[in-house]
Amino acid sequence: MPQTKPPILQLDDVRLTFRTRAGTVRALNGASLTVHEGEAVGLVGESGSGKSTLARAVLGLNPERSSRIEAGRILIAGRDVTRLSQAEWEAARGHPVAMVFQDPLSFLNPIMRIGRQIAESIERHAPDRRVEQRVGELIELVKLPSSLARAYPHELSGGMRQRALLAVALACEPRLLIADEPTTALDVTTQAEILALLRDLREKLGMAMLLITHDLGIVASACERLYVIYAGRVLEWGRAQDVFGAPAHPYTVGLFHAARADRDAQGRFATIGGEPPDLGETAQGCPFAPRCPKAMAECARAMPHASVLADGETHAVRCWLYPPTRESETAVERLGEA
Ligand SMILES: Nc1ncnc2c1ncn2[C@@H]1O[C@H](COP(=O)(O)OP(=O)(O)O)[C@@H](O)[C@H]1O
Ligand SMILES: [Mg+2]
């Protein structure tokens with residue numbers, strides 16, 4: 001039997017809550033997702049659907065005091081990190097996952113030169129490396145001019161800051177890069193450049209990527225598979241070509257309409273009607289039901305099981321419009337990832 005490596009990232013039915021003054025926020029409500037070594041996976045959903053919370057959970061970055069993983073588990077390269085404390089996260093050197101954010105300034109140190117910040121990241125993760133030389137390599141890798149090693153973050157453009165943040169992230173030689181809306185704050189040209197850079201880096205370094213975005217166009221150009229998330233639940237997943245070819249969930253269809261730039265007279269995107277979900281309540285049924293144009297009586301009663309679709313074993317949906325596949329939940333979730 002060939003030895004199969006565990007996926008670089010696996011979330012099984014993760015439930016995560018925030019405690020706030022206004023009550024409990026149920027941000028993840030049974031989220032499952034897998035990223036294999038070397039794979040580019042998209043995570044798509046409207047604002048507030050739990051994308052950043054999921055990403056932060058993978059790196060132990062949600063606030064320890066107010067957030068709690070109530071159920072499920074998170075495995076990184078087979079290692080269970082679900083219950084790590086802040087102290088244990090900090091001790092987890094050589095962590096194979098790194099992250100870049102929408103707003104690099106919130107992560108970069110404003111009073112430290114870029115080169116120094118990259119050097120610190122190298123020193124933290126691989127103290128025996130020849131740091132000077134490695135800083136130079138990383139700056140070249142993200143295609144920044146070498147003179148920028150001496151610059152401060154505020155002296156850089158948005159695109160250059162994102163490259164600098166990438167260099168800091170790559171210093172720990174991650175096997176998975178989580179990029180949370182990495183291009184959302186950038187103009188269209190710079191967006192395309194950063195996406196091309198990410199593609200290039202993945203090829204060169206062979207690392208996997210989880211690309212988080214509300215923009216389906218970005219997923220189409222950069223990802224092999226994708227997950228569609230709503231109210232902290234994955235509603236549809238599959239190979240990008242299958243989901244793009246035949247989006248199954250009415251929510252995914254709505255996202256596609258929004259992405260295909262059905263603009264109104266003011267040039268705004270058509271949006272999916274209705275209110276975003278109330279994450280204070282435990283939804284009994286499908287969380288999208290109150291906004292769904294195809295909702296039926298059972299949608300409010302129970303969350304549908306996963307259905308594998310006929311257009312390929314790798315495409316699955318959770319929606320009462322489709323007959324449930326008669327396999328265990330986990331088996332179906334794995335099927336969607338072959
Ligand atoms: N630290 C926090 N404390 C309380 N609620 C939070 C916190 N972070 C996120 N949330 C809530 O969790 C839900 C999901 O947020 P988020 O993961 O940021 O969504 P997305 O990244 O998809 O826009 C939202 O309702 C948000 O208000
Ligand atoms: Mg977010």
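Reply: Let's begin with how residues are sorted: Ala, Val, Leu, Ile, Met, Phe, Trp, Tyr, Cys and Pro count as nonpolar, Asp, Glu, Lys and Arg as charged, and the others, Gly among them, as polar. Keep in mind that this is a predicted model. Sorted that way, the shell around ligand 1 holds five nonpolar, seven polar and three charged residues.

Me: Which residues come nearest to ligand 1?

Reply: There are 15 residues around the ligand, and G48, G50, K51, S52 and T53 come nearest.

Me: And how do I read the polar contacts there?

Reply: Look for pairs of N or O atoms within 3.5 Å. The side chain of K51 has an N or O atom 2.8 Å from an oxygen atom of ligand 1. For the side chain of S52, that distance to a ligand oxygen is 2.9 Å. S49 uses its backbone instead, with an N or O atom 3.1 Å from an oxygen of the ligand.

Me: How much of ligand 1 does the protein bury?

Reply: Taken alone, ligand 1 exposes 560 Å², and 68% of that is buried by the protein. Two or more shell residues come from each of β1 (9–20), β2 (23–35) and α1 (51–58). Helix α1 gives the most, four residues.

Me: What about the nonpolar core?

Reply: In soluble globular proteins, nonpolar side chains tend to be buried together. Here the largest nonpolar core has 100 residues, among which L9, L54 and L210 touch the most other members. Helix α5 (residues 158–170) is its top contributor, with seven residues.

Me: Why does this core lie between domain 1 and domain 2?

Reply: Because domain 1 (9–89 + 189–288) and domain 2 (97–173) both give residues to it.

Note on methods: Residues are numbered from 1 along each chain as its sequence is written. Chains are lettered from A and ligands numbered from 1 in the order in which they are written. This is a predicted model: local features need pLDDT of at least 70, side-chain atom pairs count only at pLDDT 80 or more; totals for chains, interfaces and linings use all residues. Side-chain values use heavy atoms; hydrogens and water are left out. A residue is near a molecule or strand if one of its heavy atoms lies within 4 Å of it. A polar contact is a pair of N or O atoms within 3.5 Å; within protein, one must be able to donate a hydrogen and the other to accept it, and residues adjacent in sequence count only if both atoms are side-chain atoms. Accessible areas come from the Shrake-Rupley method with a 1.4 Å probe; for residues, only the protein chains shown count as cover. A nonpolar core is a set of buried Ala, Val, Leu, Ile, Met, Phe, Trp, Tyr and Cys residues joined through side-chain atoms within 4.5 Å. Buried means under 20% relative accessible area, exposed over 50%, partly exposed in between (1.4 Å probe, protein chains only). Domain bounds come from an automatic or database domain assignment.
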